[in-house]
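Morning, everyone. Please put the structure up on the screen, and I'll walk you through it.

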Amino acid sequence: MNVTYRREMKHNYLIIEQDKSWTEGYEINMLKENQINGLLKFHLKQIDSRSYFYYEITSKQPLNRILEFHSLNKEELKGLIAGIAQVLNRLPVYLLKEDQILLQPEFIYLEPDHFLVSLCLVPGRDRKFSEEMTELLRYLLGKVNHQDKECVVMAYALYQESLKDNYSIDTLTELVGSHNTSPAAGQEREERNRQDLTEAGESQSGFTDSEKDNIQVIQDFTQTAQIKASRFVSWRPLIIPPAVMTVAAILFWSIFGYIGIKKYWYIVLAAGILSLLYGIIKSGSKNELKYLVEDSAKSYSDYGEEQEEWQTAFYESKEEPRAPLKSAGGEELIQTVLLTNNQKDIEVHILKSAGPGNQDIAITYTPFLIGKQEGLVDYVLDGEAISRIHVKIEKAGSDYCISDLNSTNGTYVNGRLLETNETVLLNLGDEIFIANFAFIFT
């Protein structure tokens, strides 16, 4: 499946090239003749023996691009699952199949301000929906806001449900619905829990009942290990001497026979006394007990380190918080960057305004997003012609490059209009037009 992007006038398209044999099914006519809410608008072009499926993506952004700089909260996750479910429920009316939906994050498009879902349906495609949905949920586990506890719990519950045999999108929506609690109810529950803890004189640890049960199991396990270890240490001085004396007696008997034991009995007795003294001295040391308990605890923690695959994906995706976002009208422009001792000074480039009334834009880090959707971009450029997420500036080795991010009114570099999602290298002195805002790269 060959995927490209193209800009035609003020419309942007995702283009999938297919064999001509894939264009003979009834699904093509269904998509061409019907505008199905929640599916990307479709039309077909045929050139020679090749067929091209055009999907309009104007003013939309792919899920993976949004989640590159933004973490999902609970409401957004609920909206995403509900949006996918609503689209799938409309398909049977048009005799379309859920297995034809592309569920890779780069093909799920959203309206950034409202998080409305638009999916890409490829006629003739035959992949198992349930497996791809499981992969999507696994991906989302690493993209949720880790500070939003309810969102984390819901994301994990959805992923676990998708691992079951014969699950459906309806079971996922029911699961999302079970997590639907109003903010007032949530605050009331938290206040009630806080009062219960205060009355019990306990610290507010933030653990759930199941987590507290797990902690109690660990404590009981450790306490049992301590008791067993302490009993063993207290009895050891009485166990070791007889064992040592027996071994010594067997040794003399094997060499000299019964006469050897009778002749060297005092050596056997001395070995027993010395081992008794050694055992008493060692039993007074706390080090061995400490090691025994630590080994027990370590064996338990080693079990916990055998994380499932989803846990690896969840924890490895944590990102440092982004620097505060500032708009074009904000007073502060350059953000503070913390440098470690072994870092070189960061090279700061400027998009120097070439038009009246505009401000310079300092590129203090990369990747750097420019658009008008506050909360999703690094610099808010306020203008009617500016898209919500318009361009991205990033480093490629020692060079800087700029990418048009599916903008409606386009991005120009030295007079050339960039294609949708096209990336070009920047040189000092390049003239850049972000829609109708002119800048010089310095």
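**Salt bridges, helix pairs and confidence**

The structure holds 12 salt bridges. A salt bridge here is a side-chain nitrogen of Lys or Arg within 4 Å of a carboxyl oxygen of Asp or Glu. Side chains of opposite charge can pair when their charged atoms come close. D404 sits in strand β16 (residues 399-404) and R7 in strand β1 (residues 2-8), so the pair ties together parts that are 397 residues apart in sequence.

A word on ground rules. This is a predicted model, where local features need pLDDT of at least 70 and side-chain atom pairs count only at pLDDT 80 or more, while totals for chains, interfaces and linings use all residues. Residues are numbered from 1 along each chain as its sequence is written, and side-chain values use heavy atoms, with hydrogens and water left out. Helices (H or I, at least four residues) and strands (E, at least two) are DSSP runs, numbered from the N terminus.

Now the helices. Two packed helices are described by the angle between their axes and the distance between the axes. Axes are lines fitted to C-alpha atoms, for helices over the stretch in contact, with angles from 0 to 180 degrees between N-to-C directions.

Start with α3 (residues 74-90) and α4: their axes come within 12 Å and cross at roughly 165 degrees. The two are therefore roughly antiparallel (over 145 degrees). Which residues of α3 and α4 meet? From α3, L77, L80, I81, I84 and L88; from α4, F129, M133, L136, L137 and L140. Contact means heavy atoms within 4.5 Å. By class, that contact has 10 nonpolar, no polar and no charged residues. Nonpolar means Ala, Val, Leu, Ile, Met, Phe, Trp, Tyr, Cys and Pro; charged means Asp, Glu, Lys and Arg; the others, Gly among them, are polar.

Next, α4 (residues 129-141) and α5 (residues 149-162). These axes come within 9 Å and cross at roughly 155 degrees. That makes α4 roughly antiparallel to α5. On α4, T134, L137, R138 and L141 make the contact; on α5, A155, Y156, L158, Y159 and S162. The tally is 6 nonpolar, 2 polar and 1 charged.

Last, confidence. The chain averages a pLDDT of 78, and 71% of the residues score at least 70. pLDDT is the predictor's confidence in each residue, from 0 to 100. Over residues 286-310 the pLDDT is below 50. Residues 331-345 also stay under 50.

Terms used. Angles under 35 degrees count as roughly parallel, over 145 as roughly antiparallel, 65 to 115 as roughly perpendicular and the rest as oblique.
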